[in-house]
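Let's take a walk through this fold together, starting with a sheet and ending with the open spaces.

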Amino acid sequence: MAFDIDMIKKVYSQMPERVKKAREVVGKPLTLSEKILYSHLWDGEVKEAYQRGKDYVDFAPDRIACQDATAQMALLQFMQAGKKEVAVPTTVHCDHLIQAKMGAVIDLQAANKSSHEVFEFLESVSNKYGIGFWKPGAGIIHQVVLENYAFPGGMMIGTDSHTVNAGGLGMVAIGVGGADAVDVMAGMAWELKFPKLIGVKLTGKLSGWTSSKDVILKVAGILTVKGGTGAIIEYFGEGARSMSATGKGTICNMGAEVGATTSTFGYDDSMERYLRATDRADVAEAANQVREHLTGDDEVYANPEQYFDELIEINLSELKPHLNGPFTPDLATPISEMAVKAKENDWPINVDWGLIGSCTNSSYEDLTRAASIAKQAVDKKIKAKSDFGINPGSEQIRFTAERDGLLQIFEDLDATIFTNACGPCIGQWDRSDRKGEEKNTIVHSFNRNFSKRADGNPNTHAFVGSPEMVAAIAISGRLDFDPTRDKLINEDGEEVMLDEPKGIELPELGFAVEDAGYIPPKEDGSSVEVKVAEDSERLELLTPFDPWDGKNLIGAKLLIKAFGKCTTDHISMAGPWLRYRGHLDNISNNMLIGAINAFNKKTNFVKNQLTGEYDGVPSVQREYKKAGVPTVVVGDHNYGEGSSREHAAMEPRHLGVKVVLVKSFARIHETNLKKQGMLGLTFDNESDYDLIQEDDTFNFIDLEDFAPNKQITIEVVHADGSKDTIIANHTYNNSQIEWYKHGSALNLIKKQNVA
């Protein structure tokens with residue numbers, strides 16, 4: 001039986017009338033995305049048709065999911081909100097703080113020892129406030145959510161950018177910062193700019209070496225890392241219906257890599273099969289009662305160009321397997337063209353590691369397709385040339401895969417079975433075979449491949465592919481290997497080819513598990529004590545940020561002018577820094593250490609205008625803060641893309657940065673800055689970025705008149721006394737300006753709760 005079945009049935013009971021009303025108000029047939037959005041309006045009534053990409057709208061999400069790295073800060077904030085329990089069903093999943101090194105058993109023991117304090121805090125705070133807790137080793141948050149909580153037509157938010165994975169079961173599931181989650185936990189409305197809509201029409205059917213992963217690798221190549229910003233991607237067509245629910249989840253998951261608000265598919269037979277297989281027949285039966293409302297209207301899919309802001313068409317029968325990378329997930333290359341492209345770009349041909357798993361590709365079907373390739377290597381006497389690492393998506397997946405002999409196949413190739421956790425995908429990988437910054441290549445079935453992400457080495461060339469393609473390339477040991485046409489030499493000296501992969505959508509004997517890893521909260525948690533030691537290096541109770549004084553900001557110094565790509569990984573690195581996610585001051589020592597200084601093309605090396613000396617970014621900023629000098633960070637396009645981590649906004653706020661001025665923002669990061677009381681601005685004229693000099697001082701001369709749709713004038717004073725005037729834009733509405741005035745959204749929530 002499903003968790004929260006009464007809540008799900010309530011959503012379905014309200015949906016027909018709300019969809020009907022929305023169709024009347026909008027005056028045309030509706031996409032699936034619109035049906036879900038209009039069915040989850042905060043006040044429950046559809047009164048107006050919202051303008052896509054323009055109108056801010058208040059929504060009422062059905063549930064929240066948090067992973068352990070981001071849950072710490074989210075729950076530390078919630079503890080200050082003055083509430084006795086969370087207002088909507090919420091879960092915490094411990095999947096980020098487990099480092100992959102030796103193997104599942106040893107690594108999990110090490111994590112439980114090294115992060116005991118954090119896990120104990122998360123379990124106790126969950127117990128106190130009515131939050132479901134999934135203990136370390138239970139699985140990766142998004143796979144666990146897909147198996148237990150996702151439901152067609154629902155809306156959820158999660159403190160991880162890959163929350164969008166739940167679109168594989170027809171949800172509108174959106175990654176947010178912890179402050180957004182706190183709003184909803186506290187019973188407040190959740191605000192979002194009404195998204196634009198990108199339609200992807202899928203025709204034909206996948207076959208051979210081409211998989212669902214190749215669909216999103218192709219889409220990423222088309223849209224690029226920012227092409228989906230501010231939009232929901234809705235997949236439809238015969239090709240969509242032909243794919244499994246977990247295959248759909250893979251596609252939705254990696255939609256985060258094109259900046260999409262989320263991605264989703266309409267409810268169909270594959271979703272019903274998956275719900276029933278994961279012991280949620282009650283959800284399937286409830287969904288079947290409102291089936292027509294859990295997909296887009298027929299007219300929409302018959303004439304999609306009339307209803308979507310952008311339309312992409314992909315024939316799955318013609319789609320070829322891809323590898324994307326290195327260093328960016330949108331550099332798409334058909335595997336048939338990789339040999340030429342690798343040679344042209346001097347990419348290392350020898351592959352050191354093949355990594356299978358992550359929240360993107362760790363389902364039972366994924367493992368069977370990869371295992372079908374691995375078994376051929378064993379049977380055909382092909383010795384794997386690369387190391388193998390496997391991260392099952394959940395304990396249920398791991399237990400079932402072990403029962404069915406899938407894990408043994410990988411172990412026969414000397415693969416290391418890591419814990420049911422994120423591991424190398426988020427930089428939690430103690431990679432023993434490489435030291436320093438050697439140039440090398442790895443292939444993986446993850447979603448992101450930014451520089452340094454997996455192993456901290458800026459010269460690791462990481463390529464993203466399907467699990468079966470990763471398996472084939474790792475077996476061959478060569479990036480330029482094309483399994484559709486190339487042969488391998490086995491241990492007997494014979495030429496052999498790998499046959500096409502074969503997958504099993506759902507286990508023939510059903511899923512099985514002895515201990516899924518779930519710990520329910522107490523019905524009344526008022527007596528539970530949440531302890532945070534005063535001398536803890538891992539956890540720190542929060543101090544509210546100061547409110548705005550209402551005056552113009554004068555005399556702000558440039559901290560750093562970031563050059564090129566500046567993701568949340570650059571602003572607040574993961575890997576070893578994950579241990580400080582619950583301690584704002586300690587983790588602030590990684591602030592912007594990965595950003596490239598435009599003036600010297602170095603990382604973590606900026607000029608201190610107070611002394612004229614150069615030092616690390618956090619050190620310089622702490623000097624400015626000590627002297628009471630406000631600062632400005634300047635950035636390029638899509639600033640803050642990648643993970644939803646709010647630390648990338650909280651750290652600058654904590655250390656005294658006042659303004660982030662960029663060419664454009666990634667959606668989640670811009671919202672996170674607003675929530676923390678920061679001023680996030682964009683150049684009205686992008687070329688003004690080039691005017692910024694290393695010793696600049698900024699005067700925001702009309703900030704006192706801060707208002708929606710009103711531009712802000714910045715006087716930039718250079719070292720020689722000359723000046724430039726720059727006009728900046730912002731997207732703050734009245735509510736968000738109130739956050740700014742109060743110092744943060746949380747400050748405003750606390751004030752309202754006290755009132």
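Predicted model: local features only at pLDDT ≥ 70, side-chain atom pairs only at ≥ 80, totals over all residues.

Numbering starts from 1 along each chain as its sequence is written, and side-chain values use heavy atoms, with hydrogens and water left out.

Start with the open sheet, where four parallel strands run in the order β10-β9-β8-β11. Strands here are DSSP E runs of at least two residues, helices are H or I runs of at least four, and both are numbered from the N terminus; two strands pair if DSSP finds at least two bridges between them. β10 (262–265) and β11 (310–315) sit at the edges with a single partner strand each, so one side of each has no neighbour in the sheet. Further in, β8 (residues 196–203) and β9 (residues 231–236) share six bridges, and V200 has Y235 of β9 as its bridge partner.

Helix α2 (residues 32–39) touches β8, β9 and β10, contact meaning heavy atoms within 4.5 Å. Helix α10 (residues 245–253) lies across β9 and β10.

On to the spaces. A pocket is an open set of points on a 1 Å grid over the protein atoms alone, where a 1.4 Å probe fits, with protein on both sides within 12 Å along at least five of seven lines; lining residues have an atom within 4 Å of a point. Of the 32 residues lining the largest pocket, K193, T229, F665, E670 and T731 are closest to its centre. α23 gives the largest share of that lining, five residues. For the second largest pocket, 30 residues form the lining, with S451, K452, R453, G456 and N457 closest to the centre.

How values were computed:
Axes fitted to C-alpha atoms, helices over the stretch in contact; angles between N-to-C directions.
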